[in-house]
Amino acid sequence: MKRGHEEIASGSFTPPAKVKSVSYDDSFKNAQRVADHYSARSNQTLEEREASPIIHLKKLNNWIKSVLIQLYAQKGDAVLDFACGKGGDLIKWEKAQIGYYVGVDIAEGSFSFPARLICADCYEARLDEYLEEDGPYDICSCQVSCVARRALSNISALLRPGGIFIGTMPDANVIIKKLREADGLSFGNNVYWICFDDEFSQKRFRSSSPFGIRYQFHLEDAVDCPEWIVPFPVFKSLAEEYDLELVFVKNSHEFVNEYLRKTSVHRELMRRLGALVMGTKIKAHCHRRNGMLLTCTWLMC
Ligand SMILES: C[S@@+](CC[C@H](N)C(=O)[O-])C[C@H]1O[C@@H](n2cnc3c(N)ncnc32)[C@H](O)[C@@H]1O
């Protein structure tokens, strides 16, 4: 792939000296930290956005989300958007001519547009109790955010049979591969770094205990939060427990290649977004039994 802007120097990054070890008991504090981080982020002007060191990554990610939405959203759909952020995807949903939109995010500061927006922890709260009367939903989306057990139970309870879940999440395999290739417990470049705690110094992870593998993720101009490894096979079998069936999963590189070739509409969108410089995401999807669920994973490399 030809790059259209400055070379990213691999290995040139400054992770913190140490990342604190965290147990599940700290999950409330972590959620609060995530909420504070995203609430504190102000809306950027167009100029500020264009000057971002990760502008091409943002644009490519927007292209991937737009294509996913175009592929699965139907006119008149009721949409439930988990971890909706500042509503950056609203226009994409509008273009898909959906009928109704509910966005949920843990960060209060994320809400800056008129829509039904709820401040809640999608991964801990029982949202079916709040959102039942609005449902069932045709589509549930969770973009660029991890999905936990409670989220899957919320999604399953709120989707109509046959309803679709689409999403993007980090690719655990790529993260672990890069960790093992690194000299220490961190790796990255000049726009991102990932750092694991000393407890993972062996770089070995038991498949019998796949949960709680935490790392610190820093993405210039976007994220500085704890995240958790979600191995895709574990996610898939968890989703099956909640009556969600995998129907499509793809690495972002393959997704971009495939859908750029598929139709001129997707090519034109990519051209307009000006995203095709560097890319890095993976996606997948699943669906509710008699329907479907879709998920995606990503990592910059
Ligand atoms: C990287 S942003 C993605 C925002 C949006 N989905 C997008 O694609 O632009 C991740 C979002 O997840 C939200 N988030 C993280 N943990 C959450 C939780 N437990 N419950 C609800 N939202 C959460 C954050 O507040 C943030 O807005």
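## Before you start

What you're looking at is a predicted model, where local features need pLDDT of at least 70, side-chain atom pairs count only at pLDDT 80 or more, and totals for chains, interfaces and linings use all residues. Residue numbers start from 1 along each chain, as its sequence is written.

Helices (H or I, at least four residues) and strands (E, at least two) are DSSP runs, numbered from the N terminus.

Let's begin with an open sheet of four strands, in the order 7-8-9-10 and with antiparallel pairing; two strands pair if DSSP finds at least two bridges between them. Strand 7 (186–188) and strand 10 sit at the edges, each pairing on one side only. Ignoring direction, neighbouring strands here are turned by 20° against each other on average. Angles run from 0 to 180 degrees between N-to-C directions, and axes are lines fitted to C-alpha atoms, for helices over the stretch in contact.

Now for the pairings. Strand 8 (residues 192–196) and strand 9 (residues 214–219) are antiparallel, with five bridges. Here W193 stands opposite H218 of strand 9, and C195 stands opposite Q216 of strand 9. Strand 9 also joins strand 10 (residues 223–228) through six bridges, again antiparallel, and Y215 has E227 of strand 10 as its bridge partner. The hairpin of strand 9 and strand 10 has three residues between the strands, and D221 takes a positive phi near 65° in this hairpin.

## Helix 10 and helix 3

Helix 3 (residues 55–72) and helix 10 (residues 264–273) have axes that come within 10 Å and cross at roughly 150°. The two are therefore roughly antiparallel to each other (angles under 35 degrees count as roughly parallel, over 145 as roughly antiparallel, 65 to 115 as roughly perpendicular and the rest as oblique).

On the helix 3 side, the contact uses K59, N62, W63, S66 and V67, while helix 10 brings H266, L269, M270 and L273. Residues are in contact if their C-beta atoms, placed from the backbone, lie within 7 Å. The contact residues split into five nonpolar, three polar and one charged. For these classes, Ala, Val, Leu, Ile, Met, Phe, Trp, Tyr, Cys and Pro count as nonpolar, Asp, Glu, Lys and Arg as charged, and the others, Gly among them, as polar.

## Helix 10 and helix 9

Helix 9 (residues 252–262) packs against helix 10 at an angle of about 115°, with the axes 5 Å apart. That's why helix 9 and helix 10 are roughly perpendicular to each other. Y259, L260 and K262 of helix 9 meet H266, R267 and M270 of helix 10. This contact has three nonpolar, one polar and two charged residues.

## Around the ligand

The ligand is surrounded by 20 residues, and the closest are Y38, A83, G85, I106 and Q143. Helix 1 (residues 27–40) supplies the largest share of the shell, four residues. By class, the shell has 12 nonpolar, five polar and three charged residues.

Key: Contact = placed C-beta atoms within 7 Å. Near = placed C-beta within 6 Å.
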